[in-house]
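Subject: Structure handover

Hello,

I am passing on the structure we spoke about, with notes on what was found in it. Please read the notes with the model open.

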Amino acid sequence: TNQSFDDSGWSSPTDRGAVGSFPWDKLWLRSLPFWQELPLQDFVSTNITGSAPVVWTCYLPVNEQFTPWLDVSNASAGQIITIVPDTVADTASPGHEYVTRAGRQSFEFPAWINGSLVQFTVPSGVTVYGLKFRPHLADTQRDGSFQCDDPFFNTLWDKAANTLGVNMMDTWGESRERANWIGDTSLIIGQVPYAYDPLAELISRKCLLELVHWQRADNTMFAPAPANYKELPVQVLAAVGEYGVLRYYRNTGDLALLQQCYPAIKSYLLNVWQTNSQGLVIHRTGQWDWEDWGDNIDAPLLDNTWYLLALDAAAQIAPLVGQPADAALYSSRAQGIRNQYNASFWTGSAYRSSTYTGETDERGNAMAVLAGLTDPSQAAALRTILITEQH
């Protein structure tokens, strides 16, 4: 970074190819703002325990992304200081190691970490002059707020909004894996406009475009993208449907996003997914046959409701992108599910598929409500299921 630095001894760089050619292929303009440049901050409090080494436990105001900074001195070089956030203990989150040189030195770690506290383990002979942190936040602002007369719900909302900030990176990705798991992204898309300014929507946009731009030749899509990992079929249905692409459009009015996503949505819904002679969805395992968290998953309930929501969304998107004739293709399949779902799965007291032997899956029953497949006569039974079944 110093203009006077002598680089005359460096070898010549190797040109690996022109823009647009191998190995770069098509390059995309970064659509996101860069990180906020915030000042170093003092920790809220610090506990010092042990000796040889000494452990400095430093607390942040909330769980957040940050870069740690230290100011230390050492008589000799080669001592190792470890820096570990509290998220390392039960996850794969990264930490840091710092190797000292002789004398006084300060250093800020360029790679951010995440946690509500961080522990500096300092070996014998090293003097600590200062420990600080720099919040590592996307360049957006918390706009939304919520207030009621119950402190529990006020705290819950504030924690939920902070969680969005923790997951706000170059993609929507939780702090441990830092990747665009598209099912997680679909949940976040619905929350963003209630808490953050419109710049945060650019992250949602990038996540959805990565999903469709990395569509495979067989028309399947996968998460996390881009990683060429595994298709989680129901999660992709969520992303391309009512609670993913369409909700993003309703939040933003971003028609260009719909136009870019539509070809991938059409080929995925009509070529990859198929229905049987009754009009119900043929189960797809993808590369990861995992419908949701928890136990007692009744897969046919979820397959049909998530596919129905995706079909209904596509029928609404098609005329918006100049393809009104396609709406009938989606509506036809959607009607097949509507015609058969209750006849095949409603027992009189719950939704259950005939081959399923576990406890009643409250997720599948809730999804039937969200997909518009229920009527008021079922309400009391469904309410009981949603209260008593928690899998």
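Ser354 sits in the loop between α9 (327-345) and α10 (362-370). Helices (H or I, at least four residues) and strands (E, at least two) are DSSP runs, numbered from the N terminus. Between the C-alpha atoms of Ser354 and Asp298 there are 9.9 Å, with 56 residues separating the two along the chain.

Some background on the model and the numbering. This is a predicted model, in which local features need pLDDT of at least 70 and side-chain atom pairs count only at pLDDT 80 or more, while totals for chains, interfaces and linings use all residues. Residues are numbered from 1 along each chain as its sequence is written, and side-chain values use heavy atoms, with hydrogens and water left out.

Backbone

Ala52 and Pro53 are joined by a cis peptide bond with omega of about 10 degrees, and the bond from Ala225 to Pro226 is cis with omega near 0 degrees. Pro53 belongs to the loop between β2 (45-49) and β3 (54-74), and Pro226 to the loop between α4 and α5. Ala52 is not a glycine, yet its phi is positive, at about 45 degrees. With a relative accessible area of 58%, Ala52 is exposed. Asn296, in the loop between α7 and α8, also has a positive phi, near 55 degrees. Asn296 counts as partly exposed, at 23% relative accessibility. For background, most residues other than glycine have a negative phi, and most peptide bonds are trans.

Helix α4

Helix α4 covers residues 201-213, and its 13 residues should span 18 Å at 1.5 Å a residue; the end C-alpha atoms are 18 Å apart, so the two agree. The expected span is 1.5 Å times one less than the number of residues. Of the 13 residues in α4, 10 are buried, including Glu201, Arg205 and Glu210 as well as Ile203, Leu208 and Val212. The buried residues of α4 pack against α2 (182-189), α3 (192-195), α5 (233-240), α6 (245-252) and α7 (255-272).

Nonpolar cores

A nonpolar core here is a set of buried Ala, Val, Leu, Ile, Met, Phe, Trp, Tyr and Cys residues joined through side-chain atoms within 4.5 Å. The largest core has 62 residues, and Leu269, Trp306 and Tyr330 have the most contacts inside it. Helix α8 (residues 299-320) gives the most to this core, with 13 residues. Apart from this core lies another, of 18 residues, among them Phe43, Cys58, Val122 and Leu131. Beyond its neighbours within four places in sequence, Leu269 is in contact (heavy atoms within 4.5 Å) with residues including Leu237, Tyr307, Leu311, Tyr330 and Arg333.

Pockets and cavities

Both terms come from a 1 Å grid over the protein atoms alone: a cavity is a set of points where a 1.4 Å probe fits but cannot get out, and a pocket is an open set with protein on both sides within 12 Å along at least five of seven lines; lining residues have an atom within 4 Å of a point. Grid points are joined across faces, edges and corners, and a volume is the space filled by probe spheres set on the points.

The largest pocket holds about 690 Å³. Its lining has 24 residues, with Gly183, Asp184, Leu187, Gln235 and Asp292 nearest the centre. Helix α2 gives the most to this lining, with four residues.

The second largest pocket holds about 420 Å³. Of its 14 lining residues, Trp28, Lys206, Glu210, His213 and Trp214 are the closest to the centre. Helix α4 gives the most to this lining, with five residues.

Two cavities of 30 Å³ or more were counted. The largest has a volume of about 50 Å³, and among the residues lining it are Arg30, Trp35, Asp170 and Ile203. The second largest cavity holds about 30 Å³, and its lining includes Pro233, His283, Trp288 and Glu291.

Regards

Terms used:
Buried means under 20% relative accessible area, exposed over 50%, partly exposed in between (1.4 Å probe, protein chains only).
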